[in-house]
Amino acid sequence: MGNYRKAHYRKRNGERLSASEYKARRKKEIILHFILLIAILLFCIIGLVLLIKKVTHKKEEVVPPDNSTEELTVVDTIVKEEEKKEEENPFLKKSEDASSFFEGYEVSLSDDTAYISSENTISTYALLLDLDNGKVIASKDGNVKINPASMTKILTLLVAVEHIDNLDDTFAMTQEIGNYVYSNDCSCVGLKVGDTLTIRDLLYGTILPSGADASMCLAEYVAGSQEEFVKLMNEKLDELGLSDTAHFTNCIGIYDEDHYCTLMDMAMILKAAEENELCHEILNTRTYVTSPTSEHPEGITISNWFLRRIEDKDTHGQVAGAKTGFVNQSGCCGASYQVSNNGNHYICVTADSYSPWRCIYDHVDIYSNYTS
């Protein structure tokens, strides 16, 4: 048997090999074949890895931007649109104080909100808001619906400013406006039928003496009628996110069951107005002289008596904007904006006090007790 294997191997390879040499040669061949097989496998694996990387890289190149990039793009677009609007209408320019205010127009009472229990705050309803962080610091039924009376004219001012493009344009007082104001026993600037004032005069006249005649003139100038202007006012309430608890039926503040808002709503309306440079300027003006009228050839001197009466009181700061209001159903009301001695920003709104002076002292008491 052994001789046969040797002879067979010699014949196959053409050389003489002993059994041990044959085994050694065969072992070496097997090892070489194994190494070659491993090399081929490694080559295939490397090639597959490179192929996978190439495909993955191509997929990464076509992946769309992540959500954060898209959000930044949207924000940039909104900012550019707002800047464009400001360039087109300079009366939409932001006030300097606005950069310190919290974002948005949503506030609510919390466990940290103090109850205004001071016996020196007579108003039935009261609210103090920190404009820097959006927190309601103190409240006394600040989320109850009231008739805002002439505080309504803060929104009248804001809506008018957002829809005008020329402060020097003019409007003439009409008989219809005079009849409406007289029949509703409204406070007035003192315009007579035919008196022609600038739009600037009407804006100041709406706020400083709470002129219903000026407000009605603005409404007709901007929208053609009070009814159409009120639609713009309610659209603004909706834009501010206040339409669930606020709705206006006139631009003056005349009592109507469907004319209402909460003190928190009014604080947000005043915030929006104070964010506008022109509105802030008007709300912060103590005295203004109108263009000449038929009975006042040197113009009518008008004043914001809330500001003039509170400026020498200790409120821990300066009241830099205010609007009063009164109807029998709501008593004496007031909304004011204060910059404290520490540079903080606040809004105080009160309703249902028994006199204009008492309303002012309520604001003094609230600012003194709850601001820093």
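Select threonine 285 and display what surrounds it: leaving aside neighbours within four places in sequence, this residue is in contact (heavy atoms within 4.5 Å) with Tyr204, Leu208, Asn304 and Leu307. The model is a predicted one, in which local features need pLDDT of at least 70 and side-chain atom pairs count only at pLDDT 80 or more, while totals for chains, interfaces and linings use all residues. Residues are numbered from 1 along each chain as its sequence is written, and side-chain values use heavy atoms, with hydrogens and water left out.

Stay on threonine 285. The residue sits in the loop between helix 10 (277–283) and strand 8 (287–289); helices (H or I, at least four residues) and strands (E, at least two) are DSSP runs, numbered from the N terminus. Its relative accessible area is 14%, so threonine 285 counts as buried (under 20% relative accessible area, with exposed over 50% and partly exposed in between; 1.4 Å probe, protein chains only). The side chain of threonine 285 reaches the backbone oxygen of glutamate 281 at 2.6 Å.

Next, select Leu202, Leu203 and Met266. In the largest nonpolar core, which has 77 residues, these three touch the most other members. Such a core is a set of buried Ala, Val, Leu, Ile, Met, Phe, Trp, Tyr and Cys residues joined through side-chain atoms within 4.5 Å. Helix 9 (residues 263–274) supplies the largest share of this core, nine residues. Apart from this core lies another of 17 residues, among them Leu128, Phe306, Tyr346 and Cys348. Centre on leucine 203: not counting residues up to four places away in sequence, it touches Leu157, Ala160, Val161, Ile164, Leu167, Leu218, Leu278 and Ile282.

Move to helix 8 (residues 226–239). Its 14 residues reach 20 Å from the first C-alpha to the last, close to the 20 Å expected at 1.5 Å a residue (the expected span is 1.5 Å times one less than the number of residues). Colour its buried residues: Gln226, Phe229, Val230, Leu232, Met233, Asn234, Lys236 and Leu237. Their cover includes helix 4 (153–161), helix 5 (175–183), helix 7 (212–223) and helix 9. After helix 8 comes glycine 241, with a positive phi near 80°.

Now show the open sheet of six strands, ordered 1-3-2-12-11-10 with mixed pairing. Two strands pair if DSSP finds at least two bridges between them. Strand 1 (114–115) and strand 10 (317–327) are the edge strands, each pairing on one side only.

- Strand 10 runs antiparallel to strand 11 (residues 331–340) over 10 bridges; glutamine 318 stands opposite valine 339.
- Strand 1 is parallel to strand 3 (residues 135–140) over two bridges, with alanine 114 opposite alanine 138.
- Strand 2 (residues 125–130) is antiparallel to strand 3 over five bridges, and leucine 127 faces serine 139.

Strands 2 and 3 form a hairpin with four residues between them, and glycine 134 in the turn has a positive phi of about 80°.

Finally, select the cysteines. The structure holds zero disulfides (pairs of cysteine sulfur atoms within 2.5 Å). From the sulfur of cysteine 186, the closest cysteine sulfur, in cysteine 188, is 6.4 Å away, too far for a bond. Cysteine 186 is buried at 16% relative accessibility. Cysteine 332 is in no disulfide either, the nearest cysteine sulfur being that of cysteine 359 at 6.6 Å; cysteine 332 is buried, with a relative accessible area of 7%.

Definitions and conventions. A polar contact is a pair of N or O atoms within 3.5 Å; within protein, one must be able to donate a hydrogen and the other to accept it, and residues adjacent in sequence count only if both atoms are side-chain atoms.
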